[in-house]
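Subject: Structure for you to look at

Hello,

Here is the structure I said I would pass on. Please open it before you read the notes below.

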Amino acid sequence: MASKRRELVSLIEQGTLPPEQVARAVDVAELSPSSRAWAVLIDRLLLWLGGLALAFAVLFFIAYNWAEMGRWPRFALVQVALVLAAGVAVWGTTRRLIFRVAIMAACLLVGVLLAFLGQVYQTGADPWQLFFAWAVLTLPWVWVARFEVLWVLWLGLLNVSLWLYFDTWGGALDIWFISSDAIFWWLFALNTCALAVWEWGLQRRGWRSSRWGIRLLALGSGVTVTFLMMTWIVNSASFAPTLVVYPLWLLALYSMYRLWRPDLLLVAGGCVSVISVVTLLMARFLIGKDEWQAGSMLMLALVVLALGARTVVWLKRLHLEVTQ
């Protein structure tokens with residue numbers, strides 16, 4: 001359906017298909033969802049919402065009745081729900097959708113169980129240990145499921161555990177990145193490595209995945225490295241690794257998603273990063289610290305408008321190249 005839609009859009013943009021024939025062309029190409037397609041969508045949506053609602057209901061029920069329930073009823077309820085979710089996942093192995101919903105609920109219930117364990121027994125563990133243990137314990141299920149949503153959730157747990165670790169211990173991991181921005185270097189390294197492995201799996205191992213997971217990982221990588229570059233501009237520091245890493249990241253992004261595997265959204269994200277960095281760099285030298293002059297602000301506004309317009313024109317040309 002995606003290829004049919006691209007072909008139809010290409011015909012409309014080239015003027016081959018008259019505007020009055022567009023509706024008929026959509027019907028002939030069967031691009032409009034049928035009643036059966038709507039029924040399948042609603043069925044899957046209700047299954048996902050029901051599974052997630054049951055998992056969160058266990059958490060909210062125990063939290064609301066915390067004072068009335070002893071420790072054993074709390075753990076018993078969570079563990080029974082966890083065993084049931086795992087059992088449904090095993091039973092639904094041949095039914096992919098049921099298996100994915102059940103395994104997702106089971107992974108969420110593992111986090112609920114760990115949270116209750118720390119709350120009841122007051123183990124003294126730091127918050128980052130909860131998320132790291134959650135990621136470690138659910139890794140076998142995530143690996144078996146091979147479901148991109150679970151992989152993104154698992155990587156999100158690692159990101160949160162890293163952030164909380166630095167929030168608790170400061171620069172305890174500054175053995176490679178000795179700076180106050182070490183957390184962003186680690187997050188950049190984690191998300192970039194995950195993105196590289198994901199792309200390698202798609203190309204070399206035949207993994208099946210939609211593009212949204214890759215785009216989300218690219219967002220995590222791009223936001224952190226852009227923030228590092230902007231921090232360097234604001235601090236007016238001397239030579240820093242950011243001056244090497246940021247251009248290399250832009251070059252890799254352009255080579256990967258412009259030349260090798262075209263992805264207009266990721267290229268547009270790189271353009272937004274460049275515009276943000278250039279704007280901040282000009283603001284740093286034009287405005288300075290306390291000199292908010294009208295002329296400088298007007299110049300910055302004109303630069304942003306010019307860069308944005310030029311980027312839009314370039315992206316439209318790339319879109320035409322991809323669709324043709």
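This is a predicted model: local features need pLDDT of at least 70, side-chain atom pairs count only at pLDDT 80 or more; totals for chains, interfaces and linings use all residues.

Overall fold

The protein is built with 12 helices and 0 strands. If you take the contacts between residues at least 6 apart in sequence, 63% of them join residues at least 24 apart.

The core

In soluble globular proteins, nonpolar side chains tend to be buried together. Here, the largest nonpolar core has 71 residues. Those that touch the most other members are L109, L150, F166, I214, Y257, V267 and L315. Helix α5 gives the most to this core, with 14 residues.

Leaving out residues up to four places away in sequence, V267 touches Y257, R258, W314, L315 and L318. Two of these, Y257 and L315, are also in the list of core residues that touch the most other members.

The largest pocket

Rolling a probe the size of a water molecule over the atoms shows where empty space is left. The largest pocket holds about 630 Å³ of space. It is lined by 21 residues, and R146, F147, W151, W198 and W207 are the closest to its centre.

Which helices supply at least two residues each of this lining? They are α5 (96-121), α7 (148-169) and α8 (182-204). Of the helices, α8 gives the most, with 7 residues. Sorted by class, the lining has 13 nonpolar, 6 charged and 2 polar residues.

T226 sits in helix α9, which covers residues 211-235. Is T226 buried or exposed? The relative accessible area of T226 is 9%. Buried means under 20%, so T226 is buried.

A polar atom of the T226 side chain lies 2.6 Å from the backbone oxygen of G222. Not counting residues up to four places away in sequence, T226 touches Y246, S273 and V277.

When you have the model open, one way to go through it is to find α5 in the core, then α8 in the pocket lining, and then T226 in α9.

Regards

Technical notes
Residues are numbered from 1 along each chain as its sequence is written. Side-chain values use heavy atoms; hydrogens and water are left out. Helices (H or I, at least four residues) and strands (E, at least two) are DSSP runs, numbered from the N terminus. Buried means under 20% relative accessible area, exposed over 50%, partly exposed in between (1.4 Å probe, protein chains only). A polar contact is a pair of N or O atoms within 3.5 Å; within protein, one must be able to donate a hydrogen and the other to accept it, and residues adjacent in sequence count only if both atoms are side-chain atoms. Contact means heavy atoms within 4.5 Å. On a 1 Å grid over the protein atoms alone, a cavity is a set of points where a 1.4 Å probe fits but cannot get out, and a pocket is an open set with protein on both sides within 12 Å along at least five of seven lines; lining residues have an atom within 4 Å of a point. Grid points are joined across faces, edges and corners, and a volume is the space filled by probe spheres set on the points. Ala, Val, Leu, Ile, Met, Phe, Trp, Tyr, Cys and Pro count as nonpolar, Asp, Glu, Lys and Arg as charged, and the others, Gly among them, as polar. A nonpolar core is a set of buried Ala, Val, Leu, Ile, Met, Phe, Trp, Tyr and Cys residues joined through side-chain atoms within 4.5 Å.
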